[in-house]
Structures are given as structure tokens and as C-alpha cells.
Amino acid sequence: MNKNVMMLTFVFLSCIVVCSAVDAQRPMVQRGVITQERIEAGAFQQYIPHKRTRKTNVLVICHGSIEDAQDLTALKSSRTFIERWIPFAEATGVALVAPAFDVENFASGGNAPGGDAWGYRALDGRTTSSDQFVNMIVDRFKSFDPNFDGKFYLYGHSAGGQFANHYLVVHPERLHGVVLSAPAIYAMPDPDTPWPAGMKARKRNLQWGSETKVFEISHKLETWVEAVKVPIAVVIGSADTDRLSDQPQQGGWTRLARAQHYASEMTRFAKENDVRPGIELIVVPNVGHSSSRLTNTCAQALLVMGNR
């Protein structure tokens, strides 16, 4: 860990707002090991660090998309992602949770049963919406620490970054800060573009296998205004320039161009609403679409947020 990161880590630990603690006497808490947990809505990975601090704080880690054809399950992917953040957890005392957005219940597009569900990226789910799934996971910490207020940090890469971006504009009151690592699609502050690419209300029938469900979402301007005030770091590799499919109001054909456009649009939106924007664009030189190579920069961005 370099000198700057060590200094930021010290400041991060010194701030009560970003301290973390879990009652060591609770038998269900295991420190220093990744445990696989399950609630009614689904499974997730959890890591409680050895370091003990005064106030609970949680980082939710969201993996990228899962393909049916891959020899990879959502649980394996969530474990891979959480493993990369263990040094951060041990340095700061922050508890880690990584939801497993499995194909059957949370997949998007052609990966979903029936082939046209929006899935976790757009806050949908077969029986439980992905945002409520995350809320349920985080709210478990209230049983460990009665003083826990339910607010947390959120990180996601690629499709997980899409989820984090969409969660931000629906639940800004739940977040201390969010790190978006190389999403392909953003919810833009555009009232004429429908969800999930914009803030226009949307209602759609979605097919999950043999089941049809209705997805409906509407937005309030004041919620988006609160969202743009949340500390937001958009982390993207300078070589993340593969051509993407056309999407409305995204501002370009590559993840790099879209990250730049999103940061610009959110800054404009903040100024139009007379608030100070919390967004920062961080371009990592010579890195493509790699979650592992962006993790250290994402961790440093979180440390800076803890110092705000």
C-alpha cells in the first residue's frame, strides 16, 4: 500500500461516520473468513474483518453479468469479487457483503428465463427486486448493531455498476457513497428518456419463464437531486473502448465515452438544480474492461469519500 493510500486509510478510520463494528459476541458472526449466507430473497457472500471499530459500516459489492454458458455461478462470481476487497476491509474495518444475482432470479435480457427480463441491472427480479434484495441484506446488520442506521457504501463493476447507478437514483438516502466501475449503461438525468436509460417513468410486462410480471417505476426530481449530491466516483479504464450496442442518450459507443458523458450530464444537472455535484470521473491509464485492475483505484476512491 503506497503512502497516499496509507494516509487516506488513517483519515478514513479516524472519521466516526465511516467506522465499522459488529458485535463479536453474536454466534452468527465469523471474523476473518468469507461465509456464504442466505435470506429468503437469495444468497450472498459476507466478510467481517478482524479490525473492530466503533460504528458499523458496510460495503456492498456487486458482480458483473453471469452467462448461462459460462462455468461460473453468481455465488462464485460474488466470492471472486469479495476476495479482492478483503485488504480494504481489514485496513478500514468495513464489513463486506456481495449479493449473488443469479440467472434464474435476477438475470437480464437473453440470460433471463423467457429472454426479456431487465433483471438486477434495472432493479428488477423474479420475485424480489434487486434493490430490495440488497436492502434486506444490509438491514441484517441492525440485529448486530442496534445503532446501525442502514446507510452503506456501494460498489459495482460492469453490470454491477449499472445496478449501483440505478440504485443510486432510487435510494440516495441509503448511501454514504457509490463507486461505478465501467458500466455500459447509465440512468441519465433526462426526463424524456425512459428508464433504465433515463428518468422517465416506465411500465412494462416482463417474462420470467412461464410467468409474466409487471415492472413499473416512476421518479421524483427531488430524489435525483439528492442522488447527485451523494459522493459518486466513476472509474473507467482508458482502453475500455470496445464498441457497444446503441442505447438512448448514452453519449457514445464505448464505456469510456459514456462515462465521460455521464459525469458531464450529472454535473450539468447538479448546477441546474443549484446543488454541489458529488461526482468525480477517474480514468485509469492503459486498462481495459478489467474489474481486477480497477479495484485498487476504486478502493482509493472510497477512502477519499470517507474523508469528506
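Trainee: What should I keep in mind before starting?
Mentor: This is a predicted model, where local features need pLDDT of at least 70, side-chain atom pairs count only at pLDDT 80 or more, and totals for chains, interfaces and linings use all residues. Residues are numbered from 1 along each chain as its sequence is written, and side-chain values use heavy atoms, with hydrogens and water left out.

Trainee: How many helices and strands does the chain have?
Mentor: Helices (H or I, at least four residues) and strands (E, at least two) are DSSP runs, numbered from the N terminus. Here the chain has 10 helices and 10 strands.

Trainee: What share of the residues is buried?
Mentor: Buried means under 20% relative accessible area, exposed over 50%, and partly exposed in between, with a 1.4 Å probe and protein chains only. Of the 308 residues in the chain, 57% are buried.

Trainee: How many aromatic pairs are there?
Mentor: Rings of Phe, Tyr and Trp (its six-membered ring) pair if their centres lie within 6.5 Å; planes under 30 degrees apart count as stacked, over 60 as edge-to-face and the rest as tilted. The whole structure holds 14 aromatic pairs. In one of them, Phe101 and Phe163, the ring centres are 5.3 Å apart and the planes meet at 45 degrees, so this pair is tilted. Phe101 is in the loop between β4 (95-99) and α4 (103-106), while Phe163 is in helix α7 (residues 159-170), 62 residues apart. Phe101 is buried at 1% relative accessible area, and Phe163 is buried at 0%.

Trainee: Are the rings of Tyr186 and Tyr262 stacked or tilted?
Mentor: Their centres are 4.4 Å apart and their planes at 15 degrees, so Tyr186 and Tyr262 are stacked. Tyr186 sits in the loop between β6 (175-181) and β7 (202-208) and Tyr262 in helix α9 (residues 255-272), so the pair ties together parts 76 residues apart in sequence. Tyr186 is buried, with 0% relative accessibility, and Tyr262 is buried at 0% too.

Trainee: Which residues do ring pairs link into a cluster?
Mentor: The cluster consists of Phe101, Phe106, Tyr120, Phe133, Phe152, Phe163 and Tyr167.

Trainee: Which charged end sits over the ring of Trp253?
Mentor: A charge sits over a ring if NZ of Lys or CZ of Arg is within 6 Å of the ring centre and within 35 degrees of the ring normal. For Trp253, it is the charged end of Arg243, 3.8 Å from the ring centre. Likewise, the charged end of Arg84 sits over the ring of Phe81, 4.9 Å from its centre.

Trainee: What does Arg126 touch?
Mentor: Contact means heavy atoms within 4.5 Å. Leaving out residues up to four places away in sequence, Arg126 touches Glu104, Asn105, Pro113, Trp208, Gly209, Glu211 and Lys213. Arg126 lies in the loop between α4 and α5 (130-139), and counts as buried at 18% relative accessibility.

Trainee: Which residues lie nearest the centre of the largest pocket?
Mentor: On a 1 Å grid over the protein atoms alone, a pocket is an open set of points where a 1.4 Å probe fits, with protein on both sides within 12 Å along at least five of seven lines; lining residues have an atom within 4 Å of a point. Arg121, Gln162, Ile185, Ser245 and Gln247 lie nearest the centre, among 27 lining residues. Helix α7 gives the most to this lining, with three residues.
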